[in-house]
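Trainee: I would like to learn how to read features off a structure. Please take me through some of them.

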Amino acid sequence: MKAVIFPGQGAQFRGMGRELFDAYPEAAGQASDILGYDLPRLCLHDPHRVLNDTEYTQPALFVVGALAHRRWREENGDAASCLAGHSLGEYCALHAAGAFDFATGVRLVQRRGELMARARGGGMVAVVGIDGDRLAGLLAEGAFTTLTVANHNTPTQHVISGDAETIGALETHLEERKVRSVRLKVSGAFHSPLMRPAQEEFAAFLRDFRLGDPRLPVIANATARPYPAGRTAELLTRQITSPVRWTESVHHLLDLGVSDFVELGGTVVGRLVDQIRTAPRPAPTAPPPAPRADATPARPADPARPADPAGPAPRPADTASAATELGSAVFRRRLGLRYAYAAGGMYRGIASPRMVIALARRGMLGILGTGGTPHQEIEEDLRTIRAALGPDRPFGVNFLAHHDDPAAERAMADLLLRQDVRIVEASAFIRMTPALVLYRARGLRRGPDGTPVCDHRVVAKVSRPEVARAFMEPAPDAVLDRLVRDGDLGAHQAELARRVPMSHDITVEADSGGHTDGGISTVMMPAMHRLRQEAQHRHGYAEPICLGLAGGLGTPEAVAAAFMLGADYVLTGSVNQCTVEAGTSDAVKDMLQDIDIHDTEYAPAGDMFEMGAKVQVLRKGVFFPTRANKLFSLYSHYDGLDELPARTRDLLERTYFRRTLDEVWEDTRAHLRSRGRHDDLARAEANPKLRMALVFRWYFAHTAQLALNGRDDRTNYQVHTGPALGSFNQWVKGTDLERWRDRHVDDIGVRLLEGAAGHIAAMYLSWHQPASATPPPLPAPTPAAAV
């Protein structure tokens, strides 16, 4: 594949474009008429020495780039597979891809250059020879929280933007540490929040134009991803204040299969591409080796912290490398991960194959959502994931308990075994069922020294001490004996299962989206630590148990708090459902990207309706939580549908179900028959209370499907989410992650971890300052400096 790329400011020189102006005099004349001055004369002779001034540079570079592309197409008869441009060069790429015509492009860059040239009081400095991790550490060390990384040009070349005085202080800071930097001759802090006034004026200017969609993929500077449909004007506006993510853009092109880069209009960005291609990429290529059976947890550096599998708190250093050291090395090594970070399997396939693939490629654990998904679809999803990841990168699959359908649970276990799934997330289990024990025990074998080797990993989600205790214990003897008697399990595997816990990795789930007991992490984690210590001491497991934390993790501060509570890893949920990769509807994502921390509410759980279990769901803009709680209230007060008052029954049929209750019951009967649940159907036919519960459950399945499909009936959407998403939305407000269409799960994970590492480092510094010293300010929570 071939990509055509265009340079931005810095590529101009006196004499540029000579052959192009001779070849295309009409286009050169058209540009001069629009601009109001002789453009060829400016480029070739620069008589007034203004070619390097922003308002003249930008139109000149656009015209030369556009005409260079025209000549390249005519001479080679060739077309690019993808296009990209560095800052101003992005306009050349969009024009080449057909998003707007030549005259429009000239008018756009003329106005852009004028507005950016007005900026005063800002400065920019190029930092060369150090990677982004070291640069971030130096910025944090000097408390330069108002500065922005404006250009990520190569892994070892970045441009910092901000007010001129602070840029000057940064130059001194870098010089003292023998770090090479070059002050740029600009008057403004380009690609930083200080350009907001120019951005607002440019947005108003763009309203007079109808910009089209590029006909070929064009990689946007602001997102390092192709321009989506209908967002050309928006992303061009955002580009003015957003960082130029050139390194990440080139990596994305390489991932798409680009092998040949053709630079038109200069020779600057081609050299950057060469440096990016030859530099090592941070993403893992294969999982680390499995731990030895006698692996022991790393000891923490802080003597006040309990000796458990969690690693030491990071030292005040660069946040990117510190992020990889957060949590337990045992957990990362055991599951083959770069980061102690997982994203849970959300209901009904919201945790999609795309999500799992993106996380796995970044060295995180993505868990495929399976709840309510047909087995045939799950198997197709597994084929998709394996085709993308190959045999080495780890991923997980959600294994959901079925309290009223043991056969469905066993069928899921059989699917996991048949597909050789090595990691499962066990959700909603309140006891160790035969299906779960079968999966765990079938993955056991004896190592060379006789100790058990676990090929099947269970990452359990728990919110109650008694359930956590069950997962920390070996499989129940009675269940193992039954599986052996039934021929499902060999005696040697049952014996090994008595020597290992049901789960070595247990996620403590505090108040969260979806199923929740509303637990408080600061209460739950210390209690779970004690349970773990007791289990380790009682059984003497060769491999340590790790404890993760989930629930409420929407900001770096929250993630930092989780690790400070002793979490060996973190698991996020709600923040991932409002991303490009999430398998829910765009309509739901549009609703979720603007919620705040108070826009959720508790409602009955459809799959555990009769038990009174709760889920946390979206409240803003929907009636679902009110209606779901009303259904549970009716179920609690009446013994059957026939006892419902006529007015109540009419309300349910007209506004909740949009069909008669008799029709809903017929649908429910057909569903039970199709699943072979004839005994359940017979019980419901004989028990009016159970029949009412099943009819009410239909509403929960229906509203979940409405949300997933994005149908018009938004007031009935059932959307499982927690306040962590509201917290995340506030954190990213005004940044490049404000819109969900620019949110990617792996990017979110890295930013949360790096922010947490910076937060912990800042706290570490403040703890070790003399009593009279002023603590350093915490790193700014905004993720404006892209990964």
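**Rings, sheet and cores**

Mentor: We can start with a charge and a ring. The charged end of Arg-691 is placed over the ring of Trp-665, 5.9 Å from its centre. Bear in mind throughout that this is a predicted model.

Trainee: Which residue lies over the face of Phe-102?

Mentor: That residue is Arg-70, at 5.9 Å from the ring centre.

Trainee: How is a pair of aromatic rings described?

Mentor: Two values are used: the distance of the centres and the angle of the planes. This structure holds 18 aromatic pairs. In one of them, Phe-624 and Tyr-699, the ring centres are 5.9 Å apart and the planes are at 15°. Planes under 30 degrees apart count as stacked, so this pair is stacked.

Trainee: Where in the chain do Phe-624 and Tyr-699 lie?

Mentor: Phe-624 is in helix α25 and Tyr-699 is in helix α29 (residues 688–709), so the pair links distant parts of the chain, 75 residues apart.

Trainee: Is Phe-624 buried or exposed?

Mentor: Phe-624 is buried, with a relative accessible area of 0%. Tyr-699 is also buried, at 0%. Both belong to a cluster linked by ring pairs, which includes Phe-696, Trp-698 and Phe-700.

Trainee: Now the sheet. How do strands pair?

Mentor: Strands of a sheet pair through backbone hydrogen bonds, either parallel or antiparallel. Here, an open sheet of 3 strands has the order β17-β21-β20, with antiparallel pairing. The edge strands, β17 and β20, each pair on one side only.

Trainee: How many bridges join β20 to β21?

Mentor: There are 5 bridges between strand β20 (residues 600–604) and β21, and Glu-601 stands opposite Val-617 in β21. Strand β17 (residues 514–515) pairs with β21 over 2 bridges, and Gly-514 stands opposite Gln-616. Of the 5 residues in β21 (residues 614–618), 4 are buried. Helix α25 (residues 624–637) lies across β20 and β21, at about 25° to β20.

Trainee: What should I know about nonpolar side chains?

Mentor: In soluble globular proteins, they tend to be buried together. The largest nonpolar core here has 108 residues, and Phe-399, Phe-471, Tyr-717 and Leu-753 have the most contacts inside it. Helix α31 (residues 745–767) gives the largest share, 8 residues.

Trainee: Which residues does Leu-753 touch?

Mentor: Leaving aside residues up to four places away in sequence, the residues it touches include Ala-323, Tyr-339 and Phe-563. A second, separate core has 64 residues, among them Leu-51 and Ile-240.

Notes:
Residues numbered from 1 in each chain as written. Predicted model: local features only at pLDDT ≥ 70, side-chain atom pairs only at ≥ 80, totals over all residues. Heavy atoms only, no water. Core = buried A, V, L, I, M, F, W, Y, C linked by side-chain atoms within 4.5 Å. Buried < 20%, exposed > 50% of the residue type's maximum accessible area, 1.4 Å probe, protein only. Contact = heavy atoms within 4.5 Å. Pairing = 2+ DSSP bridges. Axes fitted to C-alpha atoms, helices over the stretch in contact; angles between N-to-C directions. Phe/Tyr/Trp six-rings, centres within 6.5 Å; stacked < 30°, edge-to-face > 60°. Lys NZ or Arg CZ within 6 Å of the ring centre and 35° of its normal.
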